[in-house]
Amino acid sequence: MNVSDLITANQSLWQEYTQHRFVRQLGDGTLPDSAFRHYLIQDYLFLKHFARAYALAIYKCDSFSAMQRPLTALTGLLEHETSLHVAYCQEWGISEQDLENIEEDSGTVAYTRLVLDIGQSGSLTELYVALAPCALGYAEIGAWLPKQSFTARANNPYIAWIDMYAGETFQQLAVDETRSLDEMMKEISADSQQGRKLNRIFRDATRMEIAFWEQGLNKQ
Ligand SMILES: Cc1ncc(C[n+]2csc(CCO)c2C)c(N)n1
């Protein structure tokens, strides 16, 4: 099986995630300020737990060469994404101090702890599948939004966010992630016990991404 099988098997949920109302409102610029702020603040905590999940992936590797991939993702997250996120939050009037005093919302707890639990109790492949909807979904959103007629560039406060995920660096990251996950899953049949488990994990993580958008919208 491969990444494309996972997406196809969960097509309607996948579309609900990548074409969510939150995403469309980022595109046309009508997303309420309060919804985006709540999303940004919670995403800071999300990134922190994702860094822990990459650290767990390093721990689960049995060779130096396998450790390289989660290590690159972890350093990318610590050295680039987190500082970009802090700088971006500052533009929205959210200070680093504010970020350190956040109360974690239930959707953030559910998603991040689900991933960490799969990582602790499952295989390295299962952990990567739990992490996959994050990068693959955002890459799809980044590629999809600029092509939609409702997406506005002028006077859109969210254009920097869209450009970041539409950019070459991010798109390439998703291509690399797909390639390596395809390689890890190539011997697994989709209708084997292991294949069904991977599908369940991908589906659950995708549901958590939808809940993360909803969590933002519920704060307006
Ligand atoms: C809820 C939520 N889901 C996905 C991302 C996107 N994202 C977070 S880390 C990362 C790349 C891994 O190094 C990506 C694509 C997000 N920011 N928030």
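How do the residues of the shell around the ligand divide into nonpolar, polar and charged? I looked that up first, keeping in mind that this is a predicted model. I get 9 nonpolar, 1 polar and 3 charged residues in the shell.

Next I checked who sits there. There are 13 residues around the ligand, and Ala-73, Cys-134, Ala-135, Tyr-138 and Phe-212 come nearest. I then noted the elements that give two or more residues to this shell: α4 (33-60), α5 (64-91), α8 (124-144) and α11 (193-217).

On to the core. The largest nonpolar core has 44 residues, and I find that Ala-130, Leu-131 and Ala-132 touch the most other members. The largest share of this core comes from α8, with 10 residues. I also followed up on Leu-131: leaving out residues up to four places away in sequence, Leu-131 touches Ala-53 and Val-115.

Last, I looked at a helix pair. Two packed helices are described by the angle between their axes and the distance between the axes. For α4 and α11 I have an angle of about 130 degrees, with the axes 7 Å apart. The angle is why I put α4 down as oblique to α11. From α4, the contact is made by Ala-35, Phe-36, His-38, Tyr-39 and Gln-42, and from α11 by Gln-215, Gly-216 and Leu-217. Sorted by class, I have 4 nonpolar and 4 polar residues in the contact of α4 with α11, and no charged ones.

Note on methods. Residues numbered from 1 in each chain as written. Predicted model: local features only at pLDDT ≥ 70, side-chain atom pairs only at ≥ 80, totals over all residues. Near = placed C-beta within 6 Å. Helix = DSSP H or I, 4+ residues; strand = E, 2+ residues; numbered from the N terminus. Nonpolar A, V, L, I, M, F, W, Y, C, P; charged D, E, K, R; others polar. Core = buried A, V, L, I, M, F, W, Y, C linked by C-beta atoms within 7 Å. Buried ≥ 20, exposed ≤ 12 C-beta atoms within 10 Å, placed from the backbone. Contact = placed C-beta atoms within 7 Å. Axes fitted to C-alpha atoms, helices over the stretch in contact; angles between N-to-C directions. Parallel < 35°, antiparallel > 145°, perpendicular 65-115°, else oblique.
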